[in-house]
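Subject: Structure handover and notes

Hi there,

Here is the structure I said I would pass on to you. Please open it alongside this email, and then read on for my notes.

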Amino acid sequence: MDKYAKLLTEPFNYAVVQLPQRNFPGVVVQGDSLAEMVRLLEGAESSDDIEYVAETLREVFEDYKRVCAAHGIDPPIR
């Protein structure tokens, strides 16, 4: 059994990673980026904070879909 993850993107604030024996890749988010999103959502005093996190996640998901397509993987949601 292969016990190594395959990095499908260059590492940045997040990376798309294929884990062994999984159909779909995952997204690894850097701890500081994750902590900032959680902080914004927990302390959201305006819809701007929520929209910022939502837009960030939309961008990550769009990149995820492009990476999946480049590797011949159908994403779980289109």
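**Overall picture**

Please keep in mind that this is a predicted model. The protein contains two helices and three strands, and their order along the sequence is β-β-β-α-α. Its C-alpha trace spans about 45 × 25 × 20 Å along the principal axes. There are 78 residues in the protein, and 24% of them count as buried. The accessible surface is about 6,000 Å², with 54% of that area belonging to carbon and sulfur atoms. If you look at contacts between residues at least 6 apart in sequence, 26% of them join residues at least 24 apart.

**The sheet**

The three strands make an open sheet, ordered S1-S2-S3, with antiparallel pairing. Strand S1 (6-7) and strand S3 (26-29) are the edge strands, each of them pairing on one side only.

Taking the pairs in turn, S1 is joined to strand S2 (residues 14-18) by two bridges, and Leu 7 has Val 17 in S2 as its bridge partner. A hairpin of six residues leads from S1 to S2.

How many of the residues of S2 are buried? Five of its five residues are, so to speak, under cover. Tyr 14, Val 16 and Gln 18 point one way from S2, while Ala 15 and Val 17 point the other way. In a regular strand, side chains alternate between the two faces of the sheet.

**Leu 40 in helix H1**

Moving on to the helices, Leu 40 sits in helix H1. Is Leu 40 buried or exposed? Leu 40 counts as buried because its relative accessibility is 10%, and the cut-off for buried is under 20%. Apart from neighbours within four places in sequence, Leu 40 is in contact with Asp 49, Tyr 52 and Val 53. The C-alpha atoms of Leu 40 and Ile 50 are 7.1 Å apart, and these two residues are ten residues apart along the chain.

**The largest pocket**

I expect you will want to look at this part. The largest pocket holds about 190 Å³ of space. Helix H1 (31-42) and helix H2 (47-70) are the elements that give two or more residues to its lining. Which element gives the largest share of the lining? That is H2, with five residues.

The lining is made up of these residues:

- Phe 12, Asn 13, Tyr 14 and Val 29 are among them.
- Ser 33, Glu 36 and Met 37 are also included.
- Tyr 52, Thr 56, Leu 57, Glu 59 and Val 60 complete the list.

By residue type, the lining divides into seven nonpolar, three polar and two charged residues.

Over to you, and happy exploring!

Best wishes

Note on methods
Residues are numbered from 1 along each chain as its sequence is written. This is a predicted model: local features need pLDDT of at least 70, side-chain atom pairs count only at pLDDT 80 or more; totals for chains, interfaces and linings use all residues. Side-chain values use heavy atoms; hydrogens and water are left out. On a 1 Å grid over the protein atoms alone, a cavity is a set of points where a 1.4 Å probe fits but cannot get out, and a pocket is an open set with protein on both sides within 12 Å along at least five of seven lines; lining residues have an atom within 4 Å of a point. Grid points are joined across faces, edges and corners, and a volume is the space filled by probe spheres set on the points. Helices (H or I, at least four residues) and strands (E, at least two) are DSSP runs, numbered from the N terminus. Ala, Val, Leu, Ile, Met, Phe, Trp, Tyr, Cys and Pro count as nonpolar, Asp, Glu, Lys and Arg as charged, and the others, Gly among them, as polar. Buried means under 20% relative accessible area, exposed over 50%, partly exposed in between (1.4 Å probe, protein chains only). Contact means heavy atoms within 4.5 Å. Accessible areas come from the Shrake-Rupley method with a 1.4 Å probe; for residues, only the protein chains shown count as cover. Two strands pair if DSSP finds at least two bridges between them.
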